[in-house]
Amino acid sequence: MIANIVKPGHKTRGVLNYLYGPGHANEHADPHLVASFDGFVPDPGRDPDATLAQLAAVLDLRVKQAGAKAPKNHVWHCSIRAAPEDRHLTDDEWATIARRVLNATGIAPAGDPDACRWVAVRHADDHIHIVATKVRGDLRPPRNWNDFLRADKELVAVEKEYGLRQVPRGNRTAAKRRTRAEQEKAHRIGNARTSREHLRTIVRTAVSAATTTEEFFRLVEGAGALIDVQYFPSGDVRGYRTALDGDTNAQGKPVWFSGSTLATDLSYPKIAERLVTPEATPADQTEIPAWRRLSITVDQTPDHLAHGEDQAGQAHIAVLAEALDALPLVASVSLQHRLMQAATAFERAGRSRIRAHHQQAQATRRAVKDVLRVPPPRDGALLATVLDALLLAVIAAQHWHRTRDHTQQAEAARQTAEHLRLAYRAAAAEPLTVLHHRGRRLARPLLERQAAVVRQALPDLAEQILAEPAWPALAVTLNEAAAAGHDPAALLTQAARHRELDTAANLTEVLAWRLRRLADLAAGEPSHDGTAGGVQPGPAAPTPRATQSDSPPKSR
């Protein structure tokens with residue numbers, strides 16, 4: 001159950017006209033009062049002799065008495081909506097809920113004879129509207145500061161007491177929702193997303209790719225957006241605002257959005273914290289390819305979240321969001337849409353009230369930016385390796401948020417994991433087919449040896465694994481890991497301890513790929529058993545050009 005308190009207005013009759021009218025699409029049915037401040041106000045929905053003018057006059061009585069002392073915008077309007085799966089509440093139940101919310105917000109405290117005048121109107125099964133005039137009987141305004149938070153807290157208790165769905169609550173870090181005007185404008189010009197949402201994607205992707213402020217501004221501009229940078233007298237950057245090229249208002253001027261109005265973490269100071277040029281890559285990692293370094297650093301994220309401080313954990317989650325924002329730039333066309341869905345979903349999970357210590361995650365951030373500066377992977381195994389690591393990291397982020405009661409962020413991470421699973425399966429399909437063919441050519445003694453390893457390491461899952469069609473792919477992976485000097489049983493135990501394994505549709509495929517990542521075995525390399533195999537290179541991944549509908553900015 002959620003409350004929506006709109007910006008105060010000054011036309012009581014106008015609000016009542018809407019509530020008792022047909023609605024925007026004739027969706028209003030049987031409008032009537034379920035409660036009021038005294039129980040005797042005229043109800044045009046039930047009394048044929050009552051009029052909206054009479055009802056408005058009753059509500060506005062104290063406003064007229066207060067005269068010039070009355071607030072200019074005196075109409076308080078709050079809608080309360082149940083979840084779609086909730087049962088239909090009775091009028092009496094809605095009346096009780098309305099009184100509880102009015103008491104909690106300070107508009108009409110229980111037992112206060114001078115409380116504001118109000119009515120609760122129902123014109124649908126799943127919600128009511130409360131309209132009050134903000135002048136008390138003593139002609140003073142009510143004490144309704146933080147009314148939304150108070151109403152929301154009361155509705156949490158209502159959900160529990162009435163057995164309704166307990167809606168995940170946020171912590172005021174979500175990006176601003178699209179307004180009705182923005183949505184209608186996007187619909188008129190045939191765009192699925194509003195300008196604000198499109199700009200948010202452009203800016204987030206530019207942040208993931210850029211290493212300096214100047215590069216960030218260039219990337220945003222190169223993606224089809226306008227940039228207006230504000231400076232202090234000293235010449236330092238104070239902030240920025242951006243607009244889509246061609247998106248204008250009624251006066252023909254660009255519709256500008258400051259970074260903070262796109263999302264709380266896209267203000268210039270927040271971006272600057274992440275754009276500080278990172279330290280040089282450590283000498284012992286200079287020979288490690290960028291994609292492998294990204295896989296290694298992302299693979300360490302679950303441990304950082306499990307054992308690090310909250311500020312460091314938030315930093316690692318923030319850089320996970322950057323990695324997801326960056327991947328569509330280098331993925332094949334067939335994967336871009338799914339990866340963009342994952343990035344959009346995780347955008348909500350990337351922020352919380354915990355302040356991130358971004359220096360704690362610089363190794364992953366360097367790797368993200370480095371993969372954007374090397375040729376796109378022609379071997380699907382490279383991308384699938386990173387996607388596998390990202391999937392485990394996102395699931396760890398979901399657990400991290402859930403244990404801290406970040407319900408919206410945890411749900412966003414769960415949705416992200418679903419998108420990543422689908423992207424991973426698509427990316428891994430061809431390399432796993434290669435492994436499967438190589439595994440089928442293994443000699444029977446080698447197959448039996450690797451089956452014994454599985455029974456030793458995973459006795460509870462062994463028979464399920466050995467019966468799955470992809471068992472040859474796991475067998476050849478275990479064989480190659482042993483030939484490379486690894487302990488296959490230890491690797492198998494390590495791969496199986498991740499919390500995501502119990503939700504895997506095909507244990508064998510998940511384990512095979514995870515072992516190759518842990519042992520750094522490329523799917524296209526010649527195997528140590530003498531079989532040959534490789535992945536046919538696909539076309540180079542194009543750098544997507546931003547469009548109004550769905551693409552991020554171009555990396556340079």
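**Group meeting talk: a walk through a predicted model**

Let me start with one residue. Leaving out residues up to four places away in sequence, Thr 508 touches Ile 465, Glu 468, Ala 470, Trp 471 and Leu 474. Touching, or contact, means heavy atoms within 4.5 Å.

Now some ground rules. This is a predicted model, in which local features need pLDDT of at least 70, side-chain atom pairs count only at pLDDT 80 or more, and totals for chains, interfaces and linings use all residues. Residues are numbered from 1 along each chain as its sequence is written, and side-chain values use heavy atoms, with hydrogens and water left out.

Back to Thr 508. Where does Thr 508 lie? Thr 508 sits in helix 21, residues 507-519. Helices here are DSSP runs of H or I with at least four residues, strands are runs of E with at least two, and both are numbered from the N terminus. Is Thr 508 buried or exposed? Thr 508 is buried, because its relative accessible area is 0%. The cut-offs: buried is under 20% relative accessible area, exposed is over 50%, and partly exposed is in between, with a 1.4 Å probe and protein chains only.

Take one of its partners, Glu 468. Glu 468 is in the loop between helix 18 (462-467) and helix 19 (471-483). Glu 468 has a relative accessible area of 12%, so Glu 468 is buried. Setting aside neighbours within four places in sequence, Glu 468 is in contact with Asn 506, Leu 507 and Thr 508. How far apart are Glu 468 and Asn 506? In sequence, 38 residues; in space, 7.6 Å, C-alpha to C-alpha.

Next, the whole chain. The protein chain has 21 helices and 8 strands. Of its 556 residues, 53% are buried. Look at contacts between residues at least 6 apart in sequence: 72% of them join residues at least 24 apart.

On to helix 15. Helix 15 covers residues 380-403, 24 residues in total. From first C-alpha to last, helix 15 reaches 35 Å, close to the 34 Å expected at 1.5 Å a residue. That expected span is 1.5 Å times one less than the number of residues. Helix 15 is mostly covered, with 19 of its 24 residues buried. After helix 15 comes Asp 405, with a positive phi near 60°.

What packs on helix 15? Helix 10, residues 290-299, packs with helix 15 at an angle of about 15°, and their axes are 9 Å apart. Axes are lines fitted to C-alpha atoms, for helices over the stretch in contact, and angles run from 0 to 180 degrees between N-to-C directions. Helix 10 and helix 15 are therefore roughly parallel to each other, a label for angles under 35 degrees. From helix 10, the contact includes Trp 291, Leu 294 and Val 298. From helix 15, it includes Leu 382, Val 386, Ala 389 and Ala 393.

Last, the aromatic rings. How many aromatic pairs does the structure hold? It holds 3. Rings of Phe, Tyr and Trp (its six-membered ring) pair if their centres lie within 6.5 Å; planes under 30 degrees apart are stacked, over 60 edge-to-face, and the rest tilted. Phe 216 and Phe 217 form a tilted pair, 5.3 Å centre to centre, with 50° between the planes. Phe 217 and Tyr 240 have ring centres 6.2 Å apart and planes at 55°, so this pair is tilted. Phe 217 is in helix 7 and Tyr 240 in strand 7, 23 residues apart. Phe 217 and Tyr 240 are both buried. Ring pairs link Phe 216, Phe 217 and Tyr 240 into a cluster.

Definitions and conventions
Parallel < 35°, antiparallel > 145°, perpendicular 65-115°, else oblique.
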